[in-house]
Amino acid sequence: MIYTVTLNPSIDYVVQVNQLNLGALNKMDNDMKFAGGKGINVSRVLHELGYDTTALGFLGGFTGDFIVDTLTNQGIPAAFTPIQDDTRINIKLKSETETEINGQGPDIHPGEVDALLRQLDSITRQDTVILSGSTPPSLQNDFQQQLIERIAATGAQFVSDTTGEGLTAALSHLPMLVKPNQEELAELFDVTLNNQQDVIHYGQKLLDLGARHAIVSMAGEGALLFTQDGIYHGSTPAGQVKNSVGAGDSMIAGFTGKVIETRDVLDAFLLSLAAGSATAFSDDLATAGNIDTLTEKVTIKRLA
Ligand SMILES: Nc1ncnc2c1ncn2[C@@H]1O[C@H](COP(=O)(O)OP(=O)(O)O)[C@@H](O)[C@H]1O
Ligand SMILES: O=P(O)(O)OC[C@H]1O[C@](O)(COP(=O)(O)O)[C@@H](O)[C@@H]1O
């Protein structure tokens with residue numbers, strides 16, 4: 001089973017305002033609500049690709065109900081830990097540019113934390129756990145670290161898609177995969193990345209620090225894959241970008257599902273690239289059909 005853990009899910013409220021006037025009344029040209037949060041997106045794409053997954057994490061209030069209903073309607077298995085406070089709403093404003101306004105996240109009470117930790121005790125070494133996204137501010141700074149130690153103790157392999165301290169904590173427990181984007185990589189090492197050589201240099205450090213595989217995603221520029229055997233660049237196919245929210249999560253779903261199925265890392269990278277672009281080219285997350293079509297249009301080149 002592939003478990004995803006989303007500590008800070010969200011309703012992603014995508015608002016289209018073609019001509020945005022700040023400080024004035026604007027009318028929406030279109031709006032859409034999606035069950036979001038990084039791990040939830042990963043579970044949705046894993047399910048779409050036919051892989052067994054269960055979504056875990058904290059959910060509460062009317063916003064939490066919306067997410068549970070959406071996942072139930074899509075047939076995605078979930079076992080969320082109920083919380084008293086409302087799950088957040090993240091605004092994705094589409095105009096000439098894409099602007100994101102993410103909520104901080106709800107208050108999580110100690111009993112709710114204990115309930116989530118107890119759920120993790122049933123994970124076994126045959127499972128994979130994907131720990132994705134931010135941590136609600138009411139949780140202690142070292143909560144991600146605690147969680148990773150708990151997961152590592154079960155013997156399950158894990159994937160980490162978070163930033164800052166959480167990512168540093170993950171690296172020391174030998175994650176199967178980490179996937180920072182280029183900005184997150186720069187933030188982790190507190191550097192400016194000026195060219196591909198810089199990205200390669202710091203991407204390789206992710207392996208040196210403990211990751212078994214690392215993907216550094218670069219939006220429309222594709223992604224770099226770092227493995228013990230080599231470094232690869234994957235391209236993006238031509239297409240019209242509609243909504244890139246969840247592109248990184250789709251990548252993680254494609255890579256993790258395929259690598260568990262076939263153990264073929266390059267096949268997994270190919271699927272991850274197709275899934276990322278298929279999501280960028282869709283209003284919502286990618287469909288299996290779109291991913292399949294793009295798989296033939298992605299190329300991978302060995303760099304080192
Ligand atoms: N504009 C785009 N055109 C084509 N593919 C894209 C685009 N944006 C993202 N993707 C695909 O999705 C992957 C992840 O996107 P990225 O924006 O780097 O991640 P994140 O969503 O984590 O910030 C990219 O490596 C690429 O394969
Ligand atoms: O948990 P965080 O880091 O605040 O991010 C949450 C946001 O990330 C998303 O999962 C999208 O992530 P990506 O675009 O990086 O794939 C949205 O659904 C959600 O609004």
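**Stop one: ligand 1**

Sorted by class, the shell around ligand 1 holds eight nonpolar, nine polar and no charged residues. For that sorting, Ala, Val, Leu, Ile, Met, Phe, Trp, Tyr, Cys and Pro are nonpolar, Asp, Glu, Lys and Arg are charged, and the others, Gly among them, are polar. Before you click on: this is a predicted model, where local features need pLDDT of at least 70, side-chain atom pairs count only at pLDDT 80 or more, and totals for chains, interfaces and linings use all residues. Residues are numbered from 1 along each chain as its sequence is written, while chains are lettered from A and ligands numbered from 1 in the order in which they are written.

Now select S217, G220, A247, G248 and G276, the nearest of the 17 residues around ligand 1 (a residue counts if its C-beta atom, placed from the backbone, lies within 6 Å of the molecule). Next, colour α8 (247-262) and α9 (265-280), which each give this shell at least two residues; α9 has the largest share, with four. Helices here are DSSP runs of H or I, at least four residues, and strands are runs of E, at least two, numbered from the N terminus.

**Stop two: ligand 2**

Pick G36, N90, G133, S134 and G248, the closest of the 16 residues surrounding ligand 2. Two or more residues of this shell come from each of β2 (10-16), α1 (38-48) and α8, with α8 giving the largest share, three. By class, expect two nonpolar, eleven polar and three charged residues around ligand 2.
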